[in-house]
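Biologist: I'd like a close look at just one part of this model, taken slowly. Could you walk me through it?

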Amino acid sequence: LAELTRAMPDDTWLYRMRLLDQELQTFGYSPNASALIGIIENSPLFSNAQFRAPLTRDQRVEAEQFHIAFRVQRENQP
């Protein structure tokens, strides 16, 4: 959670997360959600980031809604 908080831009927020084995699924809003894949991939603890649904623009919050899943490297694993 600390690494995800550090990696995400300040103007991005999550409303749901789901951890299944080593896959973390995130649901949220960001003004530039398409840039999040690269941001997540730059973290040493995350890999294989991909959108699980098309981006949609929410005019109420002036941001893109996203569903991104990625693999989480546990700190005690090589």
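Biologist: How many of the 10 residues of strand 5 are buried?

Modeller: Quick ground rules before the tour. This is a predicted model, where local features need pLDDT of at least 70 and side-chain atom pairs count only at pLDDT 80 or more, while totals for chains, interfaces and linings use all residues. Residues are numbered from 1 along each chain as its sequence is written, and side-chain values use heavy atoms, with hydrogens and water left out.

Now, your strand: 8 of its 10 residues are buried, so strand 5 is largely enclosed by the rest of the structure. Buried here is under 20% relative accessible area, with exposed over 50% and partly exposed in between (1.4 Å probe, protein chains only). Helices (H or I, at least four residues) and strands (E, at least two) are DSSP runs, numbered from the N terminus.

Who sits alongside? Strand 2, residues 23-30, pairs with strand 5 in the antiparallel sense over 8 bridges (pairing takes at least two DSSP bridges between the strands). In that pairing, Phe 27 has His 67 of strand 5 as its bridge partner. Strand 3 also runs antiparallel to strand 5, over 4 bridges, and Phe 46 stands opposite Val 72 of strand 5. Then there's strand 4, residues 56-58, again antiparallel to strand 5, with 3 bridges; there Asp 58 is partnered with Ala 63. Strands 4 and 5 make a hairpin with 4 residues between them, and Glu 62 in that turn has a positive phi of about 50°.

Next, the packing. The largest nonpolar core has 13 residues; a core is a set of buried Ala, Val, Leu, Ile, Met, Phe, Trp, Tyr and Cys residues joined through side-chain atoms within 4.5 Å. Among the members that touch the most others are Ile 68 and Phe 70, along with Leu 4, Leu 36 and Phe 46. Helix 2 (36-41), strand 3 (46-51) and strand 5 (63-72) each put in at least two residues, and strand 5 gives the most, with 4.
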